[in-house]
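Trainee: I'd like to learn how to read a model like this one, feature by feature. Can we go through it together?

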Amino acid sequence: MALFDCKVINEILNSTGLGHFGHTVLGSYRTTPILEWEVLVEKPYTPKIQEWKLKPVLVELFEAALGENIIAYLPTGSRKTYIAALLIKEKVHEVTKPLDLGGKRTVFLVPIILLAIQQAAYLRRHTYLRVKEFYGSMGVDSWRKERWKTEFKENHVLVMTAQIFVNVLNHDFFSAYQLNLLVFDKCHAAVKDAPMKQVLSKLQSYESLRRPKILGLTAALFRMRCTPHKVPEVIQKLSESMGCIVKIPSSVETPCEIVLQYDDENNKQNPDSLTLSVIILDMVFKLMQEFKNSYGELIAKVESDVAKHPDKIDLLLDALKDINYLLRALGPYGAYHCAHVYIRILQQAKSRVKVPQFLADLNKVSALCREIK
């Protein structure tokens, strides 16, 4: 750690305008002088060339994050974490100030240990701040309030798995009032009773005006099976849960979905295809009628609950129904491919047949499939 003379640093900043202490990444300048505690850093900050060549989408979302709590929704590999780094540096005067003098700290939450290590390293590269990662194998579960008090005192940014921060808040080891920024990486995990969700629930007990700024980062707004018409509802729940607005770059166009309904009248079969379809349909219908006559009420029971019948005559019905469906939808082409698939399925089923009548009927369906081919 090096202690630099405040006057010297202020002179350098005034002459060059390139020092991070008096400059934000978007070009606004700080007018207040630098205090002595603000130059107690591990090493001088060296501006990186990419800060002056930021992608417009990152600048746009960064500016949005300055004004309100947002979920930055960008694809994997788009440098979402850099938005957090910019926001952290914008608030550098708060985290470098000692806690007992009204200073704040930034907490960066991740779902897994590997990300804690990775993101802490990333933030160290892109800020001059003291950044430290925390995870279970460090023995944090046994740490008491004094140890956590020391960690928050000595570090500006603390990166940890969400469950650790849940424990910190539950045991009152640190107050959320002393946070200036809370970052949720992979924030789509903040659902149900997940640790990130627990952190958000805990924040609800704090005064709204004194809660920290929240930034969510994600490449997927949800990770669950969801029908298309329920997608807006799922996204809205995440937004409300985090108290954030989902933001995407204005340059990204909202897709327009157009549903085109298949129209049989505009896709009539040619005469040869139509003749062949009628022949196949007749064969399928005759075999279906034969099965209904021979099995009687048993077929009706199979259709209601096929799992209760060990002779598996539902396999025969499924084959005929599928051929019939694809024949009507796609013509002889669909019936051909369906028959091709069922030839193999029926052949494998023969080795498991115990009922003679079923074996005979299975052979009839197999013969039908071969005839269709």
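Trainee: Let's start with charges: with which residue does Asp-361 form a salt bridge?

Mentor: A salt bridge here is a side-chain nitrogen of Lys or Arg within 4 Å of a carboxyl oxygen of Asp or Glu. Asp-361 pairs with Lys-364, and their closest N and O atoms are 3.8 Å apart. Both sit in helix H14, three residues apart, about one turn of the helix. Helices (H or I, at least four residues) and strands (E, at least two) are DSSP runs, numbered from the N terminus.

Trainee: Are Asp-361 and Lys-364 buried or partly exposed?

Mentor: The terms go by relative accessible area: buried is under 20%, exposed is over 50%, and partly exposed is in between (1.4 Å probe, protein chains only). Asp-361 is buried at 5%, whereas Lys-364 is partly exposed at 35%. H14 also holds Ser-366, which is buried at 3%.

Trainee: Before I go on, what kind of model is this, and how are the numbers set up?

Mentor: It's a predicted model: local features need pLDDT of at least 70 and side-chain atom pairs count only at pLDDT 80 or more, while totals for chains, interfaces and linings use all residues. Residues are numbered from 1 along each chain as its sequence is written, and side-chain values use heavy atoms, with hydrogens and water left out.

Trainee: What does the chain average in pLDDT?

Mentor: pLDDT is the predictor's confidence in each residue, from 0 to 100. The chain averages 80, and 77% of the residues score at least 70. Over residues 1–52 the pLDDT is below 50, yet beyond near neighbours in sequence this stretch has 89 contacts in the model; contact means heavy atoms within 4.5 Å. Residues 302–310 are also below 50, with 10 such contacts beyond near neighbours in sequence. Where pLDDT is low, the predicted coordinates should not be read in detail.

Trainee: Which other salt bridges can I look at, and how many does the rule count?

Mentor: The count comes to nine. One of them joins Lys-286 to Asp-282, with the closest N and O atoms 3.3 Å apart. Those two are four residues apart in helix H10, so about one helical turn separates them. Lys-286 is exposed at 54%, and Asp-282 is partly exposed at 36%. There's also a network of salt bridges linking Lys-132, Arg-147 and Glu-151.

Trainee: Where does Glu-151 lie, and is Glu-151 buried or exposed?

Mentor: Glu-151 lies in helix H6 and is buried, with a relative accessible area of 4%. Leaving out residues up to four places away in sequence, Glu-151 touches Lys-132, Phe-134, Trp-143 and Leu-158.

Trainee: Last one: which residues form a nonpolar patch on the surface?

Mentor: Patches are made of residues with over 30% relative accessible area and no salt bridge: like charges are joined within 9 Å, nonpolar side chains (Val, Leu, Ile, Met, Phe, Trp, Tyr) within 5 Å. Here Tyr-73, Ile-248 and Val-252 form one, with about 230 Å² of accessible area together. Those areas come from the Shrake-Rupley method with a 1.4 Å probe, and for residues only the protein chains shown count as cover. Ile-248 is partly exposed at 37%.
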